[in-house]
Amino acid sequence: MTNAANHNDRAAWLQGPSAKCSSLPQAKAEPWRLVLLGPPGVGKGTQAALLTQQLGACHLSTGDVFRAARTQRDKAPSPAMAAALEYMSRGELVPDEIVWAMVRERITCLRCNGGYVLDGFPRTLAQADSLRKLLETERLRLDAVVNYVVPAEEIIARLSGRRTCINCKAIFHVSSQPSKIVGVCDKCGGRLYQREDDHPQSISVRLQAYERSTAPLIEFYKIRGLLVTVTATGSPQEVFQRTLMALDGRRKGQAKGQNIPAAINV
Ligand code: AMP
């Protein structure tokens, strides 16, 4: 597996297709194209950051696009984006049409030769089907869908203690991964804040939305032979190593032309 440092600022993804990325990931013969699945708080964002660094791919998070629109000072959000932000602050899913229009508009990111790790998208069967059709039309193969699992009781503790850097988006946790100075990012000195949708009232709405709308994607990808299940307990590094093992096993199996089982569990 490659280990390419990724300094891309993801401008085309975060701001839209008219923005240019600071540096494009290196083109690869076999770029990794992954989807990360799992309930809110399972650590998808942290794993996506580690994976994109390791694989030299781009971290495509739909949640980050919405958060970037919220903090953009020089430009008022479009009516669709303003509506999306309302849903988001309540912890509800943004309607499929808005999310899909946003992803479609960023199709160059899906075509990028560096590959990508989709984090937080798709989140409904309709989104998964739209993505499937688009990738088929574009003749782009999805390598795997990594489904992270943790016991339900851990999720709420993780979400309510999570703190995010307003500047570089690094993630901390008040008890399991505290910053050296309370409220200050270790990496860039930015202010740490609690995401609005990590407030208790939004957490339960988000967990219900996950069960109702996103959990069915596990079966959707299982029957298509793409699902890789990874236990997400332990440190971020432990989870990362499990993920790499699972992906490596999958690629080696593909290279040998083996039949990949419908689901791999690590
Ligand atoms: P995330 O950072 O992935 O947890 O996303 C934060 C919030 O953005 C979610 O709780 C939703 O309100 C919204 N969101 C992000 N991605 C999607 C999506 N694919 N479909 C619907 N809503 C989304």
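I take helices and strands as DSSP runs, numbered from the N terminus. The model I consulted is predicted.

**Entry 1: a cis peptide bond**

I looked up Pro122 and found it in the loop between strand 3 (115-119) and helix 7 (125-137). The peptide bond joining Phe121 and Pro122 is cis, with omega at about -5°.

**Entry 2: the ligand shell**

I then turned to the ligand, which 16 residues surround. The closest are Thr62, Arg67, Glu92, Gly120 and Gln127. I sorted the shell by class and noted 6 nonpolar, 4 polar and 6 charged residues. Helix 3 (residues 62-71) gives the most to this shell, with 4 residues.

For Gly120, I recorded a nitrogen atom of the ligand. A backbone N or O atom of Val94 lies 3.0 Å from a nitrogen atom of the ligand. I also noted that the ligand taken alone exposes 480 Å², of which the protein buries 96%.

**Entry 3: positive phi values**

I checked Arg10, in the segment before helix 1 (11-14). Arg10 is not a glycine, yet its phi is positive, at about 60°. Arg10 has 14% relative accessibility and therefore counts as buried, the limit being under 20%.

I next checked Lys169, in the loop between strand 5 (162-165) and strand 6 (171-173). Lys169 likewise has a positive phi, near 70°.

Technical notes. Residues are numbered from 1 along each chain as its sequence is written. This is a predicted model: local features need pLDDT of at least 70, side-chain atom pairs count only at pLDDT 80 or more; totals for chains, interfaces and linings use all residues. Side-chain values use heavy atoms; hydrogens and water are left out. A residue is near a molecule or strand if one of its heavy atoms lies within 4 Å of it. A polar contact is a pair of N or O atoms within 3.5 Å; within protein, one must be able to donate a hydrogen and the other to accept it, and residues adjacent in sequence count only if both atoms are side-chain atoms. Accessible areas come from the Shrake-Rupley method with a 1.4 Å probe; for residues, only the protein chains shown count as cover. Helices (H or I, at least four residues) and strands (E, at least two) are DSSP runs, numbered from the N terminus. Ala, Val, Leu, Ile, Met, Phe, Trp, Tyr, Cys and Pro count as nonpolar, Asp, Glu, Lys and Arg as charged, and the others, Gly among them, as polar. Buried means under 20% relative accessible area, exposed over 50%, partly exposed in between (1.4 Å probe, protein chains only).
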